[in-house]
Amino acid sequence: MSARYAIGIDLGTTHSALSYVETAKCEGEEVDQSILRIPQLTAAGSVEDRPLLPSFLYLPHPDEHKPGDLTLPWGGDPTRLIGEHARRQGLTTPIRLVSSAKSWLCHPDVDRKAAILPPEVPADVPQISPFEASVLYLSHLREAWNGVHPYDPLDEQDVTVTVPASFDPAARELTAEAAKAVGIENLVLLEEPQAALYSWVNDSVGRWRHDVKVGDIILVVDVGGGTSDFSLIAVTEQDGALELTRIAVGEHILLGGDNMDLTLAHVVKQKLKQTGVELDRWQLQALTHGCRVAKEALLADAELKSVPIVVPSRGAKLIGGSIRTELTQDEVTTTLINGFFPEVSVDERPAQRARGALTKVGLPFAQDPAVTRHLAAFLSKQAGATEDLDGFVEHAHWASFLHPTAVLFNGGVFNAEVLRERVLQVLNQWLSAEDAPPARLLEAHDMDLAVARGAAFYAYARNHGGVRIRGGTSHSYYVGIERSMPAIPGMEPELHALCVVPFGLEEGSEPVMPPQEFGLVVGEPVRFRFFGSSVRREDQVGDLLEEWSADELEELEEIQTSLPADKLKRSEVVPVRLQAAVSEVGTLELTAIPTNAKPDAEASDWRVSFNTRGAGGEPDND
Amino acid sequence: MTDEKPSLSQRLQPLMREAKRLSAIGWALTRHWLGIAARETWIVLKRLPIASYSFARALANADYAQRLTDLYIDGASSLPLATSATPVRVPQPAPQPTAVLQEAGPDSALVLLSLLQKEGRFLDFLQEEVASYQDHEVGAAARVVHEGCQRVLNEHLSIAPVRAEAEGSQVTLNRGFDPAAERPTGHVVGEPPFTGALVHRGWRAVEVRLPQVASSRDVRILAPAEVEL
């Protein structure tokens, strides 16, 4: 029996949203979506329903609020504030604010289940883990939903939670675990750019089949508040019906709209500094807000020469203490358009600066702000992405980058038409340089809520028939094997990579297992070096790579396993094979299966877990 | 040794007596209420001839319908109708008692004020002495107030003009117009319908979405004092 509602949750870096459809009221691809209005504190003692829940969490001092002023309709935890009030409190008291928890969730160098957020705070400020923050955002959404639908609680509905396409297997698993922790049973994960495309399909009410044709390659450019995410989706044909196949995803780029507003604020701050006006931290935040409003006005109207910005005084003297300045069209053009969306040629690559050895533990923000340069790198890297697809052969051999034929924009940044046009213009320049036809623009609506809507559409379409984007795993995965050879001083042993997961392994398909065996010592944790590749599509399970170029394989966090000693003799060496499968939820599952296992043994005992504890962290002993 | 048990009928006798007594009371009560119901029905039924007659004649005869309408409107002239756009509505025929004057509760006003202050520095602006400042200084501050307060209005109220027509165009106020929503000014004589120029379109709060307020919150604090540690 299927659930009454199909729900899509966009668990975003800066905002979360929940969209839902009542399955009984839908017909084919005509899906009627509603956005849940989420009750949240907007000030002490004041609760409002908003369509977006800012993904901010504030850990208040016990004396900071009156008891009772932090009450939510469902009670709530007064030591964990979520939403608009949390965001505002954090503007003035940043040491108690947890922000961008999602970016920390896929940070390879930290223990994602350790209380590390907010980072680097005084001793008596409480901290929570990135994982816990995700659980808290989801449980806030659950309570908001259950308050409106008490007879159809969230845990009984079909729920899709979105993740960036660039999330690695460990971060996906943590997201799924967080959803399970709040009781969501019927869970599926969906990549955000795919959700954006589903939303477009949903809005077109079936017309999309006329807007695209077999052989089209849709580039989804999703620039949100904190991250940029690219995906390529090909239009293919199966038994006469159009199909969508996701063929490539980009890397995780921590670069988004917030960087742009902050950059503009710094430009204006420098301008003020030249006139002898210094701004403190609070004023800079007010200026950032002013710049965002001014930017939107300037981007919307190219005729506008400048928009005045007033930085209000912090004290009660508003007229006397305010600082007046302005943001000009030129400044927006040079900083924003030329800074973040420069006209570059397709062979340019994002600048990589060597990180200082003593950098504090922080988020690995993108070092090159140019979105177009990241895009050039992505398309060039994926030049051969369509080689294996029927009907796409003519692209491959001579093009220096993959030629998209259509572009779909998503994310709040692209609410500005100028920026959509700019990216399209740069892309079309690259295309015309290789004599390819220009890419078309697919019209998207409501870029802030599209991901949640697309996710709800998917939750519905999955159980009730409807177009599905196929694709499977976006990478092939390998474990590192040291080749046995005589030790040579000063030389690391040669490393080979054994393919354990082929590219495009689909969810729910048969598990795969390379024939190679490993010797595992019972009762002792064993680690494997783990690699992923977004370009090696042809490798089959069991293939052993002896060499590869540096940009083909990317080393991920180690994976680890430990054979429990209760079923086998401790410190005995047992031969195992590694089995890989993609669960229905959409997470990758690796299992070490002893080749001489008794038939009644449970495979789950030998689950190989992804290391989410950061480099050098202790293995999981529970 | 055992006592002789009373037979079943002996044991039931007191119960039967009690049941008879209760059913007698029940019957009396039923008759009483049935009587009342019948009387009430008869009172209503007696009005049936005049009700059907006026219904039929109002349908058949336009003059009679107009007379009836006038009768209703005069009987309720102090009752404002929702809008002039809707056809004349039938209000209560009973004469209206004068409205009770009551003070508006301060809470919503204070909540709205604190919102205007938080987003648009409304109180700071009004509480400041403007005389000593140049116009451009006041103007700069007014941008902060305008941007913030407008956001509050958009978020918490849906405001629409009362009259959709352009200002300056000729409009008609029909008989039974709502004087609270449309105010005739100037040469106000004679009987409606009135025709005149629309001077101001008016504003109507179509929807108010104020936040829910915790019972513990002191709404008299419009903005807290801030102390940076």
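In the predicted model, strand E10 (residues 158-163) of chain A pairs in the parallel sense with strand E11 (residues 186-191) of chain A over six bridges; strands are DSSP runs of E with at least two residues, helices are runs of H or I with at least four, both numbered from the N terminus, and two strands pair if DSSP finds at least two bridges between them. A:Val159 stands opposite A:Leu187 in E11(A). Because five of its six residues are buried, strand E11 of chain A is largely enclosed by the rest of the structure. A residue is buried if 20 or more other C-beta atoms lie within 10 Å of its own, exposed if 12 or fewer, and partly exposed in between, with C-beta atoms placed from the backbone.

Residues are numbered from 1 along each chain as its sequence is written, and chains are lettered from A and ligands numbered from 1 in the order in which they are written. Local features need pLDDT of at least 70 and side-chain atom pairs count only at pLDDT 80 or more, whereas totals for chains, interfaces and linings use all residues.

Chain A also contains an open sheet of nine strands with antiparallel pairing, in the order E22-E26-E27-E28-E25-E23-E20-E21-E24. Its edge strands, E22 (518-521) and E24 (544-545), each pair on one side only. Within this sheet, E20 (residues 476-482) and E23 (residues 526-533) of chain A are joined in the antiparallel sense by four bridges, and A:Tyr477 has A:Gly532 in E23(A) as its bridge partner.

Beyond its neighbours within four places in sequence, A:Leu18 is in contact (C-beta atoms, placed from the backbone, within 7 Å) with residues including A:Ile9, A:Trp145 and A:Ala452.

In chain B, helix H4 (residues 106-120) has 15 residues and reaches 20 Å from its first C-alpha to its last. This span is close to the expected 21 Å, given by 1.5 Å times one less than the number of residues. The buried residues of H4(B), including B:Val111 and B:Leu115, pack against helix H5 (122-127), helix H6 (135-156) and strand E5 (212-213) of chain B.

Key: Two residues are in contact if their C-beta atoms, placed from the backbone, lie within 7 Å.
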